[in-house]
Amino acid sequence: MEGRDDFDAHRHEDAGDPTSEIPGSREYYRAASAILEADYLLVATGAGFSADSGLPVYKDIADVRAYKDKNLTYSDLCRASLLAADPRLFYGFWGHCYNLYQDTHPHEGYAILSKWFEKMQCRSTRLSTPVPSCGNRHYVYTSNIDGHHRRTGILDTCLLEIHGCLNDWVCTSCGSGPSPLPADFRFAVDDETRQQIVQAEGASAHEACATCGGQRRPSVMMFDDDCLDIIPGLPERMEAYQVWEASVEDALSGSGGARVVVLELGCGVNVPSVRQECEDVVKDCVRVCPEGLGSSALLIRVNPDFPLNPRLSTHTLSMRQGALAAIRGIECAMAQIEGSKCSV
Ligand SMILES: [Zn+2]
């Protein structure tokens with residue numbers, strides 16, 4: 001059983017700020033101010049962020065009768081070896097996920113984040129701190145494979161999907177890809193058994209490679225994948241992200257008083273790689289900030305159960321709630337600070 005961490009010890013009294021009549025408003029106001037004043041913004045998202053669109057989190061994906069009857073867990077299903085052992089189960093599982101991701105609309109939080117990035121790009125010319133080599137002051141770092149960041153505004157301009165994306169498929173024989181499936185294609189999956197319904201020969205060949213006829217698989221990290229090569233281009237994209245992060249650290253180590261905000265949304269503790277990355281970025285940035293020159297680094301950790309960061313609590317703003325609710329609250333606080341009308 002997972003417990004909640006001790007948030008009450010870190011709860012602040014609301015007093016004297018213009019949003020204090022809204023529950024949790026002091027955190028919204030602090031987060032909004034920090035993001036508006038930031039020179040660099042890293043947004044990191046996990047399963048809790050997708051959940052606000054109605055998508056299941058990891059523990060719920062395999063929580064259906066068809067899998068329970070066979071004692072299959074998420075980690076049994078999310079294995080490349082399943083393709084050879086039981087292709088109908090493999091394509092049934094991934095096909096169901098693919099259909100769900102395609103047919104689910106990304107929630108409003110994606111559009112709000114994209115708007116924040118656009119505003120940041122617009123005021124970029126007024127900021128004295130350097131623009132990273134990729135041309136953007138923002139980055140999105142995600143463990144989600146639903147591809148929803150690609151579908152909204154400018155979220156895909158600087159995007160690292162560390163576990164790949166279910167939109168991309170690669171051939172297990174000749175290695176060709178990644179390539180998308182046709183936009184209107186959906187897998188035929190039996191609702192009860194969650195097995196792929198095999199069509200008449202030649203009627204459903206989208207899982208077959210167009211070059212060699214081999215079987216294709218999603219270009220996502222599975223539990224038994226032992227190298228990043230299964231996701232073509234991922235090592236290069238990771239390198240690009242590292243370069244961006246290094247340029248942010250460079251800026252913070254200078255005399256310009258640069259500020260970075262890391263906004264972590266719905267990242268769980270079971271696969272804590274994204275939380276760890278957020279903590280490491282803030283820790284590294286704090287380390288290089290020169291004393292007394294106004295540079296700063298802040299982690300805004302949004303999580304309904306685990307919002308704390310004991311390793312660096314003085315540089316962490318904890319928000320104990322869901323991602324979309326927090327984004328809406330911050331957006332309204334921003335509007336209040338800027339004297340405009342809140343649109344959410
Ligand atoms: Zn092939």
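These legends describe close-up views of one predicted model. Residues are numbered from 1 along each chain as its sequence is written. Because the model is predicted, local features need pLDDT of at least 70 and side-chain atom pairs count only at pLDDT 80 or more, while totals for chains, interfaces and linings use all residues.

View 1. Two strands pair if DSSP finds at least two bridges between them. Strands of a sheet pair through backbone hydrogen bonds, either parallel or antiparallel.

**View 2. Strand 1 and its two partners.** Strand 1 spans residues 40–45. All 6 of its 6 residues are buried, so strand 1 is largely enclosed by the rest of the structure. A residue is buried if 20 or more other C-beta atoms lie within 10 Å of its own, exposed if 12 or fewer, and partly exposed in between, with C-beta atoms placed from the backbone. Both faces are covered: Tyr 40, Leu 42 and Ala 44 are buried on one side, Leu 41, Val 43 and Thr 45 on the other. Strand 6 (residues 259–265) pairs with strand 1 in the parallel sense over 6 bridges. There, Val 43 stands opposite Leu 263. Strand 2 (residues 138–142) also pairs with strand 1 in the parallel sense, over 5 bridges. Leu 42 has Tyr 139 of strand 2 as its bridge partner, and Ala 44 has Tyr 141.

View 3. Strand 2 is mostly covered, with 5 of its 5 residues buried. His 138, Val 140 and Thr 142 are buried on one side; Tyr 139 and Tyr 141 are buried on the other. Strand 2 pairs with strand 3 in the parallel sense over 3 bridges. Tyr 141 stands opposite Leu 160 in strand 3.

**View 4. The largest nonpolar core.** This core has 56 residues. A nonpolar core is a set of buried Ala, Val, Leu, Ile, Met, Phe, Trp, Tyr and Cys residues joined through C-beta atoms within 7 Å. Leu 42, Ala 44, Val 260, Val 261, Val 262, Ile 300 and Ile 330 have the most contacts inside the core. Helix 11 (residues 323–338) gives the largest share of this core, 8 residues. A second, separate core of 21 residues includes Leu 82, Tyr 98, Phe 187 and Ile 231.

View 5. Ala 31 is found in helix 1 (residues 25–37). Ala 31 counts as buried because 20 or more is the threshold and it has 23 C-beta neighbours inside 10 Å. Leaving aside neighbours within four places in sequence, Ala 31 is in contact with Ile 300, Leu 317, Met 319 and Ile 330. Contact means that the C-beta atoms of two residues, placed from the backbone, lie within 7 Å. Ala 31 and Leu 298 are 267 residues apart in sequence and 9.3 Å apart in space, C-alpha to C-alpha.

**View 6. Four annotated cysteines.** An unreviewed UniProt entry carries the annotation "binding site" for Cys 171, Cys 174, Cys 209 and Cys 212. UniProt positions are given in the numbering used here, feature names are shortened, and annotations may be inferred rather than shown by experiment. The four are spread over 42 residues of sequence but cluster in space, with a largest C-alpha distance of 8.5 Å. Cys 171 is found in strand 4 (residues 164–171). Cys 171 counts as buried, with 20 C-beta neighbours inside 10 Å. Cys 174 lies in the loop between strand 4 and strand 5 (216–220). Cys 174 counts as exposed, with 12 C-beta neighbours inside 10 Å. Not counting residues up to four places away in sequence, Cys 174 touches Cys 209, Thr 211, Cys 212 and Gly 214.

How values were computed:
Helix = DSSP H or I, 4+ residues; strand = E, 2+ residues; numbered from the N terminus.
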